[in-house]
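Subject: Handing over the structure

Hi there,

As promised, I am passing this structure on to you. Please open it first, and then read my notes alongside.

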Amino acid sequence: MLNFTVITIFPQMLGSPLNHSILKKAQDNGLIKIDIVDLRNYTSDRHHTTDDSPYGGGQGMVMKAAPLVAAIESARSQAPEACVILLTPRGRVFDQHTAMQLSREPNVVLICGRYEGVDERVSAFVDEEISLGDYTLSGGEPAAIVLIDAVARLVPGVLGNENSAAEESFTDGLLEYPQYTRPEEFRGMKVPEVLLSGDHERIKEWRNRQSSAVTRQRRPDLFVKAGVTFKSAGASPAQAAVYLALLHYPIYDKNGQVVTTAVTNMDIHDICRAGRTYGVRGFFVVTPVKPLQKLALKIIDHWETGYGSQYNATRKEALALARICDALDDAIIAIERETGAKPILIATSARPAGKRTSFVALKDMLNRQTRPFLLLFGTGWGLTETILSQADYPLEAIEGSADFNHLSVRSAAAIILDRLLGCR
């Protein structure tokens, strides 16, 4: 069960929208639970004040830190591992990938901002800040309703047809293909013949083409972000979707001990740029350590929504590939939900090993397969045997002309992507 807790000063705003249709059925069936918390219950004065004037002057009021933090700590006392989200215009823009990540959380706490904003010190008590988009609402309550609806429908069992969510717009980064129902002809407009043919392979191909065409026409930003376009001189793109995962646990140190390694700015930055160059669908930064996840998000947000997004728009485009997850299994689940198929795992390693798949053979598989591929990269002294044993194919090591074999992981990732997805 996925538990939502919404902290608000207007609980009445949420009652009706959250108790109809799919959300009501999901609650009745015990698939999700939604608790509405009145922030005024955590105030200490007789007027139940939740806001005050801003230091330094200015228009409007600011929500006070003490009641909000008290409400957050109360929620965490019931669910210590809850993901606490502040809904604010300055947060990371909410999208389908974020919805998928949140659908795997057991507990999500949503803080509805109001007025001119929230006391900055509250940020120290939240895990993430999220915005619905580049516009301003009167408060976080409408945003909470949208987020809950988008996330809840991805929880297994909430939708009547489990395949519905997999085929909707944004699930694979593109807009959904056109839909038709009876009658076959309406005011001279006919249903495309292919949809009446009963040929499922032709229908699938038609829908894929239409999805790409609609996205290219109406949302070219999504088309580019999804890695659909390929600039090559006569070279055809890989048929399979390719994803990358950089593991920071479980990883070997130089003594062969299993450790957790640190997240670095350069790894995230450069692998995203290489991934965007070669049409990769997504890049997962894998670490179970919450402070390291926050650091990774800070790096990504600098280029997605911070100063970096204005300074260099192409970096923003590249960093959009990055996602954060706790474990390799989370990345596998996310890819399966996006593509409808479990990814083929490719392990990379510089250590000597037995039989390995060549770059030529893997490139051929990418051109023939329709299942997605997930390339696994290690940090520290490389992937553990546990991870290597999970892989479907171990990839041959990169070999240079010298006897030095200590490439950085971001250099190795760029070389491997060029060999597998390059135009040659």
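This is a predicted model: local features need pLDDT of at least 70, side-chain atom pairs count only at pLDDT 80 or more; totals for chains, interfaces and linings use all residues.

Some ground rules to start with. Residues are numbered from 1 along each chain as its sequence is written, and side-chain values use heavy atoms, with hydrogens and water left out.

Five strands form an open sheet in the order 2-1-6-5-7, with parallel pairing. Strands here are DSSP runs of E with at least two residues, helices are runs of H or I with at least four residues, and both are numbered from the N terminus. Two strands pair if DSSP finds at least two bridges between them. The edges are held by strand 2 (32–38) and strand 7 (128–131); each has a single partner strand, so one side of each is left without a neighbour in the sheet. On average, neighbouring strands of this sheet are turned by 30° against each other, direction ignored. (Axes are lines fitted to C-alpha atoms, for helices over the stretch in contact, and angles run from 0 to 180 degrees between N-to-C directions.)

Strand 1 (residues 2–8) runs parallel to strand 2 and is joined to it by seven bridges; Thr5, for example, has Asp35 in strand 2 as its bridge partner. Helix 4 (residues 96–103) packs on the sheet, where it touches strand 1, strand 5 (83–93), strand 6 (107–112) and strand 7. Contact means heavy atoms within 4.5 Å. The direction of helix 4 makes about 170° with that of strand 5.

Strand 5 has eight of its eleven residues buried, so it is largely enclosed by the rest of the structure. Buried means under 20% relative accessible area, exposed over 50%, and partly exposed in between (1.4 Å probe, protein chains only). Five parallel bridges link strand 5 to strand 6, with Val84 partnered by Val109 in strand 6. From strand 5 the chain crosses through helix 4 to strand 6, a right-handed β-α-β crossover. A crossover is right-handed if, with the strands pointing away from the viewer, the path from the first strand over the helix to the second runs clockwise. Strand 5 also pairs with strand 7 in the parallel sense over five bridges, and Leu86 has Glu129 in strand 7 as its bridge partner.

How many residues of strand 16 (residues 373–378) are buried? Six of its six residues are. Phe373, Leu375 and Phe377 point one way, and Leu374, Leu376 and Gly378 the other. In a regular strand the side chains alternate between the two faces of the sheet.

Strand 10 (residues 242–247) joins strand 16 through six parallel bridges, and Tyr243 is partnered by Leu374 there. Strand 15 (residues 344–347) pairs with strand 16 over four bridges, also in the parallel sense. The chain crosses from strand 15 through helix 13 (residues 359–368) to strand 16, and this β-α-β crossover is right-handed.

Ile335 is found in helix 12 and is buried, with a relative accessible area of 0%. Leaving aside neighbours within four places in sequence, Ile335 is in contact with residues including Tyr243, Phe284 and Leu374.

**Rings**

The rings of Tyr243 and Phe284 have centres 6.3 Å apart and planes at 35°, so the pair is tilted.

Happy exploring!

Technical notes
Rings of Phe, Tyr and Trp (its six-membered ring) pair if their centres lie within 6.5 Å; planes under 30 degrees apart count as stacked, over 60 as edge-to-face and the rest as tilted.
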